[in-house]
Amino acid sequence: MEDFHLSDPQFQKLIQSFSSLPGIGKKSATRIGFHILRMDPSTFRAWLSNIEEAKAKLRFCDECGGLTEDPVCSICLSDRRDNGILCVVEQPEDIFFIENTKEYVGKYHVLNGAISPLDGIGPDQLRIRQLIERLEDTGVKEVLIATNPTLEGDATASYLSTVIKPMEIKITRIAHGITIGGTLEYSDQYTLGKAIKSRLTL
């Protein structure tokens with residue numbers, strides 16, 4: 001058998017697959033690749049089955065846009081959540097990070113991104129129309145804008161504030177206890193929780 005090299009085409013294809021994932025650089029992808037290759041066949045099949053099952057069963061909530069196995073997620077259906085406040089986030093995973101703080105008890109709305117003219121993403125590419133429809137049809141009294149504290153997130157928050165203000169609904173913005181330029185994903189629970197509790201009125 002020929003000696004194995006990191007330049008082996010099959011191994012490079014494996015590394016490229018993992019490197020395409022967000023937050024995974026080439027070094028991390030290489031470590032993951034070796035870990036996968038060391039797995040015994042039964043463990044690998046179980047690992048692969050879990051991924052395939054999640055991909056097949058998980059979908060986006062028809063109401064808020066979060067992840068769920070059903071047409072409408074448990075948060076949207078819950079009668080224990082405060083229907084008077086709606087937290088607007090960029091991505092479905094942001095719901096998970098906010099829920100971990102245990103500081104928020106309202107409902108959610110996922111935009112599926114942020115306004116970014118350089119990337120060709122404008123308001124029409126986001127779930128803003130659906131947000132306005134929800135605000136018109138429900139008794140929401142406060143909209144908490146929890147977009148990331150980035151240029152794109154701030155631009156999105158400013159735009160949302162402009163279109164929501166005529167509806168006479170209280171608008172708040174997640175406080176900048178989070179590092180400017182950072183994301184919800186990399187914020188610790190304490191910092192994110194404090195930011196939610198000390199949110200600002202726009």
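## Buried cysteines, a helix face and salt bridges

Cys64 is buried, with a relative accessible area of 2%, where buried means under 20% relative accessible area, exposed means over 50% and partly exposed lies in between, judged with a 1.4 Å probe and protein chains only. The structure is a predicted model, in which local features need pLDDT of at least 70 and side-chain atom pairs count only at pLDDT 80 or more, while totals for chains, interfaces and linings use all residues. Residues are numbered from 1 along each chain as its sequence is written, and side-chain values use heavy atoms, with hydrogens and water left out.

**The chain as a whole**

The secondary structure of the chain comes to 8 helices and 7 strands; these are DSSP runs numbered from the N terminus, with helices (H or I) of at least four residues and strands (E) of at least two. Taken along the principal axes, the C-alpha atoms fill a box of roughly 75 × 35 × 35 Å, and buried residues account for 39% of the 202 residues in the chain.

**Cysteines**

A search of the whole structure finds 0 disulfides, a disulfide being a pair of cysteine sulfur atoms within 2.5 Å. Cys64 is in no disulfide, and the nearest cysteine sulfur, which belongs to Cys76, is 3.7 Å away. Cys87 is also buried, with a relative accessible area of 1%, but its sulfur lies 11 Å from the closest cysteine sulfur, that of Cys64, which is too far for a bond.

**Helix α2 and its two sides**

Helix α2 (residues 26-38) has 13 residues and reaches 18 Å from its first C-alpha to its last, close to the 18 Å expected at 1.5 Å a residue, where the expected span is 1.5 Å times one less than the number of residues. Its buried residues are Ala29, Thr30, Gly33 and Ile36. Seen down the axis of α2, these buried residues fall within an arc of 125°, so they line one face of the helix; the arc is that of the directions from the helix axis to the C-beta atoms. On the other side of α2, Lys27, Arg31 and Arg38 are exposed.

Trp47, Leu48 and Ile51 form a nonpolar patch on the surface, with about 240 Å² of accessible area together. Patches are made of residues with over 30% relative accessible area and no salt bridge, with like charges joined within 9 Å and nonpolar side chains (Val, Leu, Ile, Met, Phe, Trp, Tyr) within 5 Å, and the areas come from the Shrake-Rupley method with a 1.4 Å probe, for which only the protein chains shown count as cover of residues. Ile51 has its place in helix α3 (residues 41-57) and, at 43% relative accessibility, counts as partly exposed.

**Salt bridges**

Side chains of opposite charge can pair when their charged atoms come close. A search of the whole structure finds 6 salt bridges, each defined as a side-chain nitrogen of Lys or Arg within 4 Å of a carboxyl oxygen of Asp or Glu. The table lists some of them, including one in helix α3.

| Pair | N to O distance |
|---|---|
| Lys57 and Glu53 | 2.9 Å |
| Asp62 and Arg59 | 2.5 Å |
| Glu63 and Arg134 | 3.6 Å |

Glu63 lies in the loop between β1 (59-60) and β2 (67-68) and Arg134 in helix α6 (residues 128-137), so the pair ties together parts that are 71 residues apart in sequence. Of these two residues, Glu63 is partly exposed at 34% relative accessibility, whereas Arg134 is buried at 12%. Lys57 and Glu53 are 4 residues apart in helix α3 and are therefore separated by about one helical turn; Lys57 is partly exposed with a relative accessible area of 45%, and Glu53 is partly exposed at 37%. Arg59 is likewise partly exposed, with a relative accessible area of 32%.

**Loops on either side of β4**

Most residues other than glycine have a negative phi. Lys102, although not a glycine, has a positive phi of about 65°; this residue lies in the loop between α5 (92-99) and β4 and is exposed at 71% relative accessibility. Asn112 has a positive phi of about 65° as well, again without being a glycine, and lies in the loop between β4 and α6, where Asn112 is partly exposed with a relative accessible area of 38%. Leu111 lies in the loop between β4 (106-110) and α6 and is buried at 0% relative accessibility. The C-alpha atoms of Leu111 and Arg127 are separated by 4.6 Å, although the two residues are 16 residues apart along the chain.
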